[in-house]
Amino acid sequence: QVQLVESGGGLVQAGGSLRLSCATSGLTFSAYTQGWFRQAPGKEREFVAAINWNTYYADSVKGRFTISRDNAINTVYLQMNSLKPEDTAVYYCAAVPRGGIRSREYEYDYWGQGTQVTVSS
């Protein structure tokens, strides 16, 4: 059974930092592309970042967020710096067997339950 469990969300002031983690089990982690998405209240879920052999970012987070992975412990991270109120959302990690970088929600097979990130102004 595949499980993705996010952690690290919370409340932070604008300009602050958070690091999200996504612990994965039940799949061959190194063989999967990992992605982060987010959904703000009243909005659709949107792509944030993805990693396989390379990394790829949404324009809105480029230069502020960094995605990384540790294949030894089956965990993907999202380091978020210079946070803005508009980054407030529920953040989800997702996984799909490796291919090219995937940035569309429907391209991912497995999802976590999400972790709330709130950035106050």
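**Rings and their neighbours**

Author: The charged end of Arg 45 lies over the ring of Tyr 92, 4.0 Å from its centre. A charge sits over a ring if NZ of Lys or CZ of Arg is within 6 Å of the ring centre and within 35 degrees of the ring normal. This is a predicted model, in which local features need pLDDT of at least 70 and side-chain atom pairs count only at pLDDT 80 or more, while totals for chains, interfaces and linings use all residues. Residues are numbered from 1 along each chain as its sequence is written, and side-chain values use heavy atoms, with hydrogens and water left out.

Reader: Over the ring of which residue does the charged end of Arg 69 sit?

Author: The charged end of Arg 69 is 4.6 Å from the centre of the ring in question. That ring belongs to Phe 29.

Reader: How many aromatic pairs does the structure hold?

Author: Rings of Phe, Tyr and Trp (its six-membered ring) pair if their centres lie within 6.5 Å; planes under 30 degrees apart count as stacked, over 60 as edge-to-face and the rest as tilted. The number of aromatic pairs in the structure is six.

Reader: Which kind of pair do the rings of Phe 37 and Tyr 108 form?

Author: Their centres are 5.2 Å apart. Because their planes stand at 80 degrees, the pair is edge-to-face.

Reader: How many residues apart are Phe 37 and Tyr 108?

Author: Strands are DSSP runs (E, at least two residues), numbered from the N terminus. Phe 37 belongs to strand S4 (residues 32-39), and Tyr 108 to the loop between strand S9 (89-97) and strand S10 (110-111). The pair thus links distant parts of the chain, and the separation is 71 residues.

Reader: Is Phe 37 buried or exposed?

Author: Buried means under 20% relative accessible area, exposed over 50%, and partly exposed in between (1.4 Å probe, protein chains only). Phe 37 has 1% relative accessibility, so Phe 37 counts as buried.

Reader: Which kind of pair do the rings of Phe 37 and Trp 111 form?

Author: The ring centres of Phe 37 and Trp 111 are 5.0 Å apart. Their planes are at 55 degrees, so the pair is tilted.

Terms used. Helix = DSSP H or I, 4+ residues; strand = E, 2+ residues; numbered from the N terminus.
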